[in-house]
Amino acid sequence: MRSSGGVPVKIISLIIALFILLCSIVLSSGMGAVHIPPLKVISLLWQKITGWNIHIDYPESWNVILFNIRLPRVLLGTLVGMTLAIAGVVFQALFRNPLADPYLIGVSSGASFGATIAIYLVWKFSWGGFNAISIAAFFGALLTMFTIYGLSRIGKRTPVTILILAGVALGSLLTAGTTFLMFTASDAYQTIHTLGWLFGSLSSARWSEVTGILPYLGIGFLFLGIFSHRLNILQLDEHQAQALGINVEQTKLILIFVTTLATAAAVSVSGIIGFVGLIVPHIVRLIWGSDHRFLLPMSGLVGAAGLILADSLARTIFAPRELPIGIVTALIGAPFFLYLLRKQKRDIM
Amino acid sequence: MIKIDKVSFSYGTRSVLHNVSLDIHKGEIVSLIGPNGAGKSTLLLIAMGLLSPQQGNIRVNNRLLKEWSSRDFAQYCAFVPQNPYLPPAFTIWESVLLGRTPYLNFLGLARKKDREIVKQALRWVEIENLLHRKVSEISGGERQRVVLARALAQEPECLFLDEPTNSLDVHHQVTLLSFIHRLAEEKQVTVFIVLHDLNLASTFSDRLILLEDGLVVLDGTPGQVMGNEKVLSVYRQSITVFNRPDEESRPAVLPVRMYDK
Ligand SMILES: Nc1ncnc2c1ncn2[C@@H]1O[C@H](COP(=O)(O)OP(=O)(O)OP(=O)(O)O)[C@@H](O)[C@H]1O
Ligand SMILES: [Mg+2]
């Protein structure tokens, strides 16, 4: 059996996935307490983008609901889902470890610790459309990553196993710190706020957040696009990769840096959303093989569509109450993943 | 071509190579022989610039190794490691295509020419029928040939091979080394190769280098090295050397039963 289709098959798959993502964006934007039919969503979007006046009847409130509330949320979900899935691909490839995901090297625990501190000290500042919690989470993630990277550096090399072990160890320490703050909180609201953050949510989405994280993701995706074929080569051992003309240490450093930057930006506005970065890359790999030039964009599209779907469920199942999105991704993702794993029974990396 | 000058190397405190000097000329096939742990693989890694020696230096094409960019070096020299790891989910095609890496632009897109060269490399080692198979679905010898095909796809002017005949049957051992012999003769490819099989080494090399405990014990033509008594002592009298009637200058070796007397 051919494990990975030829180039046309892959391009067609990408186009189909893009189409599905666009459909998800439209459908999800229409869902909620006020239902907007998909065709109307498309017409309104078309009108907004092109400026043409299409003469359709709709309540004035739809404009506000669609463009001020739903669309920023759906687009934020798209970006976050894309980033988590792509970061999963990169970390799994970089560490040659199927368990690696954006959170393994401490991004998540660093971000949550940062966010928790901001919640407990009731930091109120904001910058460039981000609130204090997002900013603290962003720097918490970056700082943790650099600490772990610095700790695992031996001479000029950074052995992957040490990096992962350091990530897990420092991660537990920071998680303990977060839990400690939660237990000692005098204010129950703070505990609930932190818990909500730990399970992820897109409910605070605003346009400023979408545009705010875009530069980080843009830079990240650009670099990853350029480096994607090198990820293929890093699947070999370091001697072989070096002998094929790759500067292994420099490549690893750049990849870790841009990926962490993008993940930290995404996590800072969404909280911790587990499973996307772990499961999406595996699903894509199981179906299409492990060429990273395809794996990266495809995982991005699947991750985005998946997170939009999860968010739609999170806000509609128990409407008007909302579930934390991290619970939904775990509830759907884990069983589906186990099913695939049993069914395929082949090499997963 | 490849000039190894007074190289000493140790892994931590374990000293592995002592003051090794070698000169390998263009188009020459030089075989490195010696017992397990003699330092053969280490010497090859050092000559490739994958390990840095504590003392001494290496020049390839009159340039110090550290003056080469890794990309230029990969266009010039290719490497087949002793136990190469290949990702099991890669197809054979994808694995061999990696050999074109040093020639691709920054996006890593393969052009028609790259694909032609990969196809040629697959034909050379006779695995073109495995193209679509995954690495996890082929045999050990086939895997060995995939790595060799990848090295050939680099269009190298020098080849570093660490026991490339390891898990091959006799027929494929001979065809592989004959092919390498032809590369050296017709395209002036320089070959530095670790071989355990002394008969193969004697048959296909221009020069043999006998390494023991990190020291060069002998360095010369197959006739000179195999004819020297030191070979017997390095291999602890486990072999007997005799002249082949068909090729006087390339002695042959047979094992002897030990512990008999
Ligand atoms: N990474 C390493 N760290 C420490 N010691 C090592 C390492 N690799 C090899 N050695 C030691 O260095 C010595 C030389 O090893 P090397 O692999 O060069 O031997 P070799 O001649 O290739 O042997 P073989 O015929 O078994 O392949 C051996 O004693 C070995 O135990
Ligand atoms: Mg060896």
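The model is predicted, so local features need pLDDT of at least 70, side-chain atom pairs count only at pLDDT 80 or more, and totals for chains, interfaces and linings use all residues. Residues are numbered from 1 along each chain as its sequence is written, chains are lettered from A and ligands numbered from 1 in the order in which they are written, and side-chain values use heavy atoms, with hydrogens and water left out.

**Ligand 1**

- The shell around ligand 1 holds 14 residues, where a residue is near if one of its heavy atoms lies within 4 Å.
- Coming nearest are Arg14(B), Gly37(B), Lys40(B), Ser41(B) and Thr42(B).
- By class, the shell splits into four nonpolar, seven polar and three charged residues (Ala, Val, Leu, Ile, Met, Phe, Trp, Tyr, Cys and Pro count as nonpolar, Asp, Glu, Lys and Arg as charged, and the others, Gly among them, as polar).
- Strand 2 (14-24) and helix 1 (40-47) of chain B each supply at least two shell residues, and helix 1 of chain B gives the most, with three. Helices (H or I, at least four residues) and strands (E, at least two) are DSSP runs, numbered from the N terminus.
- An oxygen atom of ligand 1 sits 2.7 Å from a side-chain N or O atom of Lys40(B), and an oxygen atom of the ligand is 2.9 Å from one in His196(B).
- On its own, ligand 1 exposes 640 Å², and the protein buries 64% of that (Shrake-Rupley method, 1.4 Å probe).

**Chain B against chain A**

- Chain B puts 32 residues into the contact and chain A puts in 29, with contact meaning heavy atoms within 4.5 Å.
- About 2400 Å² is buried between the two chains, 58% of it from carbon and sulfur atoms; this is the accessible area (1.4 Å probe) that two parts lose on being put together, summed over both.
- On the side of chain B that touches chain A, helix 2 (70-76) and strand 6 (77-80) of chain B each give two or more residues.
- Helix 2 of chain B gives the most to that side, with three residues.
- That side has 19 nonpolar, nine polar and four charged residues.

**Salt bridges**

- The count over all chains is 20 salt bridges (a side-chain nitrogen of Lys or Arg within 4 Å of a carboxyl oxygen of Asp or Glu), while between chain B and chain A the count is zero.
- Asp311(A) forms a salt bridge with Arg73(A), with the closest N and O atoms 2.8 Å apart.
- This pair links distant parts of the chain, 238 residues apart: Asp311(A) is in helix 12 (residues 292-316) of chain A and Arg73(A) in helix 3 (residues 60-95) of chain A.

How values were computed: A polar contact is a pair of N or O atoms within 3.5 Å; within protein, one must be able to donate a hydrogen and the other to accept it, and residues adjacent in sequence count only if both atoms are side-chain atoms.
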